[in-house]
Amino acid sequence: NRRRGEVAARIDGRDYTLCLTLGALAELEDAFAADDLGELAKRFSSGRLSARDMLRVIAAGLRGGGHAVSEEDVRAMRCDEGAAGFARIVSALLTATFGGGEEPAQNP
């Protein structure tokens, strides 16, 4: 459900729902030493995420979606499309959480 910030993904041949809940976002603020959500969003919008960054986002998203996984568990997971598949999952999750950068509607 995109309205709730949820993203469906197939990892290790299993369907998962990922969501960056408030708790997951707080976890990412700590992991990236961000002072607030604006700083976190700015970091993600740079388009320069390392494999470690993607791992943290996917792990937090899986936990936010109700899956009891550790970062170690996620390190061992595989995506059919490899690293590109994980990058697409992260992109979809960040877009669902922070928006796609669309221009706000203007009043005439």
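**Loops, salt bridges and a helix end**

With a relative accessibility of 60%, Ala33 counts as exposed, since exposed is the word used for residues over 50%. This residue belongs to a predicted model, and its place is the loop that runs between helix 1 (22–31) and helix 2 (37–45). Although Ala33 is not a glycine, its phi is positive, at about 50°.

A second residue with such a backbone angle is Asp12, which has a positive phi of about 55° and is likewise not a glycine. Asp12 sits in the loop that joins strand 1 (6–11) to strand 2 (14–19), and at 44% relative accessibility it is classed as partly exposed.

Another salt bridge joins the side chains of Asp53 and Arg43, where the N to O distance is 3.2 Å. Here Asp53 lies in helix 3 and Arg43 in helix 2, so the pair ties together parts of the chain that are 10 residues apart in sequence. Asp53 is buried, having a relative accessible area of 6%, whereas Arg43, at 34% relative accessibility, counts as partly exposed.

A further salt bridge brings together the side chains of Arg88 and Glu81, at 2.3 Å from N to O. Arg88 has a relative accessible area of 49% and is therefore partly exposed, and Glu81, at 47%, counts as partly exposed as well.

The last stop is Gly64, which is part of helix 3, a helix that spans residues 51–64. When its neighbours within four places in sequence are left aside, Gly64 is in contact with Cys19 and Thr21. The C-alpha atom of Gly64 is also separated by 8.3 Å from that of Leu22, a residue 42 places away along the chain. With a relative accessibility of 23%, Gly64 counts as partly exposed, because the term buried is kept for residues under 20%.

Note on methods. Residues numbered from 1 in each chain as written. Predicted model: local features only at pLDDT ≥ 70, side-chain atom pairs only at ≥ 80, totals over all residues. Heavy atoms only, no water. Helix = DSSP H or I, 4+ residues; strand = E, 2+ residues; numbered from the N terminus. Buried < 20%, exposed > 50% of the residue type's maximum accessible area, 1.4 Å probe, protein only. Contact = heavy atoms within 4.5 Å. Salt bridge = Lys/Arg side-chain N within 4 Å of Asp/Glu carboxyl O.
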